[in-house]
Protein chains: 2
Amino acid sequence: MNQSYNSSLLDNAVLQLSKLPGIGGKTALRLALFLLREDEESAVALGESIIRMRREIRYCSRCHNISEEEVCPICSNPRRDASTVCVVENVKDVLTIESTREFHGLYHVLGGVISPLDGISPADLEIDSLVERVGREGIREVILALNPTIEGDTTNFYIFRRLAASGVKVSTLARGISIGNELEYTDELTLGRSILNRVPFDNN
Amino acid sequence: MNQSYNSSLLDNAVLQLSKLPGIGGKTALRLALFLLREDEESAVALGESIIRMRREIRYCSRCHNISEEEVCPICSNPRRDASTVCVVENVKDVLTIESTREFHGLYHVLGGVISPLDGISPADLEIDSLVERVGREGIREVILALNPTIEGDTTNFYIFRRLAASGVKVSTLARGISIGNELEYTDELTLGRSILNRVPFDNN
């Protein structure tokens, strides 16, 4: 947005808002004007909620899911099957898989996928901690549930190679999911089925 | 959004983001997760830009447009025709009309339109200050350039009545704009033409 609105405060808010994904200059301006019309309290509550979330949020020390506690409610639930770990890209995917009610094991949140173009290497992800966790916790099966994209497939393959020495069974979601789609938009029935029909990674 | 993400910090940020117009629960979650992945600085810059804008922004004491100075650059420009005042709903509409390059007078930003359903009465808008300005500044023509909606028309009519005693000429944009559309989405040619062909308010 190269237009200026007579105010560096407004210009800056529009610039910052337009950095959000899917929000262009016009939408950013509409949001900024909306915030100017709102009560001061509402606008400040939004700004502070963003700052506090980014500064204070904590992650489960075991699975790296977002958590208020040291260990998240899923990891600390004794009724979950601790011998099966489902590897996902992010927090949203945990929620998506939980909503199928087909999976009763634990998770491991990578925090992204390997993507050289975006400068994301294996060292930026929770892959070392996964390998270490498999060795330490006596995990019998690792289910790779990354999005079926090139980056997801690359990450799957990298993890498969890293885990080869451990002898753990590595499976991946059944390819009921259409290639190129995001997990989030897959219907629960298909996704649930593809967890039940998961296949050994090397058959894939 | 009635889903919970294991973290009141994330829940709260999603709730606050989903109050923005056009942003639902899913988009709010995507934005929040984007902010968690970004550098802490970027997320804090966004939050602070919103808070600072809302707390510190100033308005022109004459036309109520957003301004860094006591009087905005348009009002203080001696080459603008101070005898013609264009009444608009908000800051965005000033920019939209400026982009036509057909208008050389000053503006008066109401800050909204009369809308009983939203609890916006004439007292919430800069209408008294417009009436007072017309009396004090020797304005010869007031152009009503509100959006052609029911609320816009109501506000036009209310202002027309309030200005009747002053004897000032009150005109309105030519109805080249299709009914029900927003100014912002009208092409510049049509909008420029409708400023040139403005008609006295009571002919309309």
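## Chain B: β3 and β4

In this predicted model, strands β3 (residues 141–144) and β4 (residues 169–172) of chain B run parallel, joined by four bridges.

## Chain A: β3 and its two neighbours

Let us turn to chain A. Strand β3(A), residues 141–144, is joined by four bridges to β1(A), residues 81–88, and the two run parallel. Here Val142(A) in β3(A) is the bridge partner of Val85(A).

Strand β3(A) also has four bridges to β4(A), residues 169–172, again in a parallel arrangement. In that pairing, Glu141(A) has Lys169(A) of β4(A) as its bridge partner. Follow the chain from β3(A) through helix α6(A), residues 150–163, to β4(A), and you have a right-handed β-α-β unit.

## Side chains along β3(A)

Which way do the residues of β3(A) point? Glu141(A) and Ile143(A) point one way, while Val142(A) and Leu144(A) point the other. All of them are buried, Glu141(A) included.

## Confidence

Chain A has a mean pLDDT of 86, with 92% of its residues at 70 or more. For the model, ipTM is 0.71 and pTM is 0.69. A friendly reminder for browsing: where pLDDT is low, the predicted coordinates should not be read in detail.

How values were computed: Residues numbered from 1 in each chain as written. Chains lettered and ligands numbered in written order. Predicted model: local features only at pLDDT ≥ 70, side-chain atom pairs only at ≥ 80, totals over all residues. Heavy atoms only, no water. pLDDT = per-residue confidence, 0-100. Buried < 20%, exposed > 50% of the residue type's maximum accessible area, 1.4 Å probe, protein only. Pairing = 2+ DSSP bridges. Right-handed = clockwise from strand over helix to strand, strands pointing away.
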